[in-house]
Amino acid sequence: MLIKLILVGLGGSIGAILRFSLGYGFSLVLPSQYLHYSFIATFCINMLACFCIGLCVATIKEHDSLLLVFLTIGVLGGFSTFSTFSLEVLKLLQAHFFSHSIPLCSTL
């Protein structure tokens with residue numbers, strides 16, 4: 001059990017760093033007048049994480065393996081977080097970009 005906890009912690013930190021890096025990189029590429037479109041990065045990250053979790057579950061045969069725990073719960077769980085989704089939707093709603101929040105809601 002302790003090994004699984006350590007793997008989840010390490011994987012989660014890797015996933016969180018990846019999410020931050022991609023989101024930050026997206027905001028650097030986007031011109032300042034289009035920064036309210038940064039929700040696209042969250043949408044793409046969540047969709048990619050969902051696809052990768054499905055791929056991991058389909059390809060790793062042992063459902064209790066340490067690799068599956070590390071990748072799905074750790075890395076991809078840290079990569080795709082509900083808190084980032086919630087914050088992005090809240091920002092869009094506060095800025096009155098109601099139609100922009102729909103793609104994010106579809107990732108639930």
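**Entry 1: Phe20 and Tyr24**

I looked up Phe20 and found that Phe20 is exposed, because its relative accessible area is 58%. Tyr24, at 47% relative accessibility, counts as partly exposed.

I note that this is a predicted model, in which local features need pLDDT of at least 70 and side-chain atom pairs count only at pLDDT 80 or more, whereas totals for chains, interfaces and linings use all residues. Residues are numbered from 1 along each chain as its sequence is written, and side-chain values use heavy atoms, with hydrogens and water left out.

I then searched for aromatic pairs and found one in the structure. Phe20 and Tyr24 form this pair, which is stacked, with 5.8 Å centre to centre and 15° between the planes. Rings of Phe, Tyr and Trp (its six-membered ring) pair if their centres lie within 6.5 Å; planes under 30 degrees apart count as stacked, over 60 as edge-to-face and the rest as tilted. Both Phe20 and Tyr24 lie in helix 1 (residues 2-29), four residues apart, about one turn of the helix.

**Entry 2: the chain as a whole**

I recorded five helices and zero strands in the protein chain. Helices (H or I, at least four residues) and strands (E, at least two) are DSSP runs, numbered from the N terminus. Buried residues make up 28% of the 108 residues in the protein chain.

I also consulted UniProt, where an unreviewed entry places the feature "transmembrane region" at residues 6-30, 37-60 and 66-90. UniProt positions are given in the numbering used here, feature names are shortened, and annotations may be inferred rather than shown by experiment. For residues 6-30, I found the end C-alpha atoms 36 Å apart, and the span is 96% helix and 0% strand.

**Entry 3: helix 3 and Thr72**

I noted that helix 3 has 14 residues and reaches 18 Å from its first C-alpha to its last, close to the 20 Å expected at 1.5 Å a residue. The expected span is 1.5 Å times one less than the number of residues in the helix. Among the buried residues of helix 3 are Leu68, Thr72, Leu76 and Phe79. The cover over the buried residues of helix 3 includes helix 1 and helix 2.

I found Thr72 in helix 3 (residues 66-79). Thr72 is buried, because its relative accessible area is 13%. A polar atom of the Thr72 side chain lies 2.5 Å from the backbone oxygen of Leu68. Neighbours within four places in sequence aside, Thr72 is in contact (heavy atoms within 4.5 Å) with Ile53, Cys56, Val57 and Gly77.

**Entry 4: the nonpolar core and Ile60**

I looked up the largest nonpolar core, which has seven residues: Ile45, Ala49, Cys56, Ile60, Leu68, Leu76 and Phe79. Helix 2 (39-59) and helix 3 are the elements that give two or more residues to this core. A nonpolar core is a set of buried Ala, Val, Leu, Ile, Met, Phe, Trp, Tyr and Cys residues joined through side-chain atoms within 4.5 Å.

I checked Leu76 and found that, neighbours within four places in sequence aside, Leu76 is in contact with Ala49, Cys52, Ile53, Cys56 and Leu71. Ile60 is placed in the loop between helix 2 and helix 3. Ile60 is buried, because its relative accessible area is 15%. Not counting residues up to four places away in sequence, Ile60 touches Ser65, Leu67, Leu68 and Leu71.

Terms used
Buried < 20%, exposed > 50% of the residue type's maximum accessible area, 1.4 Å probe, protein only. Polar contact = N/O pair within 3.5 Å; in protein donor to acceptor, adjacent residues only side chain to side chain.
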